[in-house]
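Trainee: I am new to this structure. Can you walk me through how to read it?
Mentor: Gladly. Let us look first.

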Amino acid sequence: MKGLRVLYHIVRADFYERFRRYNVLIIIGLAIFLTILYLPPQGVGRLSFNVGGYRGIYNSAWVGATVTVLIVIFISLPGFYLVKNAISRDERTGVGQIIASTSLSKFQYIFGKVISNWAFLGATAGVAMFAAMGIQLIRGEALKISVLGYLLPYLLVTLPMMALVAAVAVLFESIRWLRGGFGNVVFFILFLVSYWMMAALSVAALPTTTGAGSPSIPLIPEPTGALEIFRSISVAGMELIPDYQGGLDLGNPFQVYGPINTFVWNGVAWTVPSILRRLLWVGIAVGIASLAATFFDRFDPSTPAIRVRRKKARSRFELGSQLARPSPVTLTNIALSTTASRGSRMSIFLHLVGSEVRLMLKGQRWWWYLVALGLILVALILPAAESRQIVLPFVFIWPLLIWSQLGNREIQNRTDQLVFSAPFPLRRQLMASWTAGFVLALVASSGVIVRLILASGWNAVVSVVVAAAFIPAAALALGTWSGGSKLFEVVYLFLWTLGPMNQMVTALGFPLVADQFLALDYVGSSDAAISAGMPLYYAVFTILLLVLALIGRKRQPRV
Amino acid sequence: MELIIDSVSKQYGTGIWGLRDFSLSLQPGILGLVGPNGAGKSTLMRILATITKPTSGKIIFNGIDLLQDPNRVRELLGYVPQDFGIYPNLNAVEFLEYLAAVKGLDGRSASQRIDELLQVVNLDNVRKHLLGGYSGGMKQRIGIAQALLNDPHLLIVDEPTAGLDPEERIRFRNLLSDLSGDRIVILSTHIVSDVEASATRIAIIREGRLLVDAMPEELLQEVEGRVWEWIVPSEDLPSIKQQYAISGTVRHRDGVEVRVISASSPDGSARLTPPRLEDAYLHLVAENGKDRTP
């Protein structure tokens with residue numbers, strides 16, 4: 001009983017702490033925006049979620065299912081990044097040290113954090129569900145609200161997925177080397193894999209007229225649960241839609257399709273096996289939480305989780321032993337004879353850029369440099385076209401975790417008061433940070449640039465240079481406004497995946513998504529993107545982002 | 001050299017004031033800014049360090065308007081914040097080199113200055129160790145070193161001795177005394193003994209307002225003939241606390257020696273004793289916060 005009370009208080013404190021922050025409004029706003037976008041009114045000719053060009057009438061079952069799919073596919077990713085701070089916050093604020101000195105067990109603490117993550121994500125999804133009821137009434141195609149139409153997908157699809165996200169977030173925080181930016185990248189990849197898994201499984205599980213898929217094939221449990229809904233809609237489509245060939249399209253809400261046909265779908269007929277398939281993920285979430293508890297170091301700063309930490313601990317030990325020796329303090333030796341002089345404006349700036357580059361690269365391991373050098377060499381060896389299309393995307397993702405420190409490093413390391421009380425924190429220090437990021441991008445892409453110059457691909461050279469300027473500008477803008485590295489890491493990963501990465505795999509014959517998203521090809525890895533004027537657009541974006549960064553920085557120190 | 005703080009106020013929200021109509025004029029020397037926690041010391045420090053803008057008022061340093069032209073003041077400023085961080089993957093030299101670059105100092109001359117500063121703050125022997133392995137006191141010393149990089153004319157130190165051991169505290173006080181000759185040093189603290197030995201002037205701040213701005217001798221004059229000591233049984237201590245402002249207690253075998261501030265003798269056995277700055281501070285703060293001294 002006492003254990004439950006403790007758990008309740010951990011969950012409550014965490015839940016309040018989160019729900020009273022403004023960023024909860026961002027995620028709720030995003031969920032409602034997507035809901036409105038994915039439920040376009042009849043008559044505008046736009047179509048989103050559909051089977052063979054048909055969509056369900058906007059009754060509670062269809063609206064509830066649409067919102068559920070949106071949440072599990074689109075909100076679970078930002079949701080993960082939003083809740084992946086429960087343990088690190090306790091560490092940063094020092095509350096963790098207090099908690100560690102109590103009798104609270106590791107399991108209680110970790111389960112408390114998982115449940116609070118789950119409660120937060122579940123509550124956010126719940127708000128989106130309530131908003132969807134309002135949208136159903138506004139659209140007015142079916143005015144009767146069926147509570148079960150919303151409740152069942154929420155309970156059986158959304159909550160198990162959110163439990164999984166909540167537990168994985170805590171697991172990533174419990175493992176030191178997954179706690180930072182590297183963990184953010186790893187989860188993004190895991191998310192993509194689960195998305196592709198769902199897409200691949202749907203090929204076999206959804207019925208088609210050709211008999212390629214069949215509703216009789218038992219569904220393999222997949223984490224999002226969207227497949228349970230897709231199969232039910234698809235089976236209904238086979239019965240009700242005359243020319244339906246099978247399959248399901250998430251659709252493009254920005255595209256105008258012309259007159260829209262509708263059919264009536266009354267929701268998933270939940271069976272015991274389908275319910276068990278969903279509950280299985282709650283069980284997996286519990287397993288992940290238990291695993292997290294075993295990894296959790298209980299805020300012990302001496303836990304040698306990774307080699308760097310061991311090195312630091314050793315360094316601390318050495319320092320401790322040096323300090324233990326009586327220091328020869330002679331109070332008369334305090335005198336400062338030298339004074340540092342100031343250089344010219346340009347030499348000051350260049351000196352600062354050099355220092356910024358050194359600071360950015362400090363702490364990188366030897367293998368990081370080895371891979372960066374390898375990419376430069378491979379780009380030089382390959383023909384210009386391959387160098388641009390295949391190597392360039394990797395060149396512009398490898399330094400991600402270095403760029404993501406821009407604009408927020410001072411806040412994260414609490415050196416802001418030192419740095420911002422120095423002269424010209426805006427025009428000198430901020431611009432030096434951007435220049436350092438730009439220089440890093442240019443050096444990283446130097447192999448590709450040289451190869452393109454040799455092949456006289458001047459337009460492509462310009463687009464690479466623009467990308468090198470755009471990336472640190474985006475990092476700086478998002479870093480100064482969010483005060484952290486996570487926002488840039490997530491946004492940039494999205495942009496990179498749908499932009500240059502998608503271009504690359506499409507060229508290799510394995511498109512990630514149906515659309516080409518040329519507008520997102522900020523590196524100009526295809527001629528089509530350059531012809532469409534992307535370098536010019538991104539040059540303009542770069543300037544806008546730098547202005548945004550200047551405003552964001554001005555806000556930080558209130559200069 | 002002069003720093004003029006003219007009617008500076010800082011409002012954080014409706015009815016919440018960090019500073020209210022604060023005015024002070026300073027010449028070279030050390031100003032000890034003392035006050036209870038939450039009095040507004042750090043707000044004033046951050047405003048003077050150009051980190052925070054005041055809601056109203058004016059600050060002029062050597063003829064430069066700090067609000068209009070903060071960058072010119074920043075070139076002459078050294079600031080040790082109350083709470084600051086470091087870059088854990090840099091060593092002391094690299095960190096100071098970085099901040100020297102941020103402050104716009106020439107690399108070669110900064111390097112000599114850094115060598116000297118590391119000796120001054122007694123970190124020369126650990127100069128190549130990563131800052132991530134430094135103790136709290138060592139980080140504090142790095143903070144002090146960075147503030148002196150540009151040979152500042154205005155040195156602002158906010159609670160600088162927190163985390164320093166007694167030896168380092170003495171060393172730091174002496175350093176400040178040495179530095180104060182031709183510059184303005186503002187030392188904010190809630191530990192009166194920190195400024196007792198070194199401050200040439202004392203300003204007491206409470207609830208965002210300036211209570212007193214005086215020379216240490218003038219403050220001591222305020223409580224001359226009002227500080228009493230005598231030994232009382234331990235069980236009498238609670239009732240004495242109710243009646244008098246106690247500035248110190250020392251346990252003895254035969255009871256507790258109490259030190260109180262009172263206009264008249266509190267007890268037949270009480271004897272007058274020379275006042276300390278702490279007595280004056282307590283007296284002034286207590287007097288302005290519903291005085292309990294009779």
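Mentor: Start with the idea of a nonpolar core. It is a set of buried Ala, Val, Leu, Ile, Met, Phe, Trp, Tyr and Cys residues joined through C-beta atoms within 7 Å. Keep in mind that this is a predicted model.

Trainee: Which residues touch the most other members of the largest nonpolar core?
Mentor: That core has 152 residues. Val464(A), Ala467(A), Ala473(A), Ala474(A), Phe95(B) and Leu187(B) touch the most other members.

Trainee: Which helix of chain A gives the most to this core?
Mentor: Helix H20 of chain A, residues 458–482, with 15 residues.

Trainee: What does Val464(A) touch?
Mentor: Leave out residues up to four places away in sequence. Then Val464(A) touches Leu392(A), Ser445(A), Val448(A), Ile449(A), Leu452(A), Val523(A) and Gly524(A).

Trainee: Now the whole chain. What is the secondary structure of chain A?
Mentor: Count the elements. Chain A has 23 helices and two strands. Next, check burial: 42% of its 559 residues are buried. Then check how far apart in sequence the contacting residues are. Take the contacts in chain A with a separation of 6 or more: residues 24 or more positions apart account for 80% of them.

Trainee: Where are the domains of chain A?
Mentor: Domain 1 spans 2–295, and domain 2 spans 345–555. Their centres, taken over C-alpha atoms, are separated by 32 Å.

Trainee: How many residues of each domain are in contact with the other?
Mentor: Nine residues of domain 1 of chain A contact 10 residues of domain 2 of chain A. Look at the domain 1 side. Helix H3 (60–83) and helix H8 (181–205) of chain A each give two or more residues to it. H8(A) gives the most, with six. By class, that side has six nonpolar, three polar and no charged residues.

Trainee: How many residues of chain A are in contact with chain B?
Mentor: Read an interface from both sides. Here 40 residues of chain A contact 56 residues of chain B. On the chain A side, the elements that give two or more residues are helix H11 (307–324), helix H12 (345–361) and helix H17 (416–420).

Trainee: What classes of residue make up the side of chain A that touches chain B?
Mentor: There are 18 nonpolar, 16 polar and six charged residues.

Notes
Residues are numbered from 1 along each chain as its sequence is written. Chains are lettered from A and ligands numbered from 1 in the order in which they are written. This is a predicted model: local features need pLDDT of at least 70, side-chain atom pairs count only at pLDDT 80 or more; totals for chains, interfaces and linings use all residues. Domain bounds come from an automatic or database domain assignment. Two residues are in contact if their C-beta atoms, placed from the backbone, lie within 7 Å. Helices (H or I, at least four residues) and strands (E, at least two) are DSSP runs, numbered from the N terminus. Ala, Val, Leu, Ile, Met, Phe, Trp, Tyr, Cys and Pro count as nonpolar, Asp, Glu, Lys and Arg as charged, and the others, Gly among them, as polar. A residue is buried if 20 or more other C-beta atoms lie within 10 Å of its own, exposed if 12 or fewer, and partly exposed in between; C-beta atoms are placed from the backbone.
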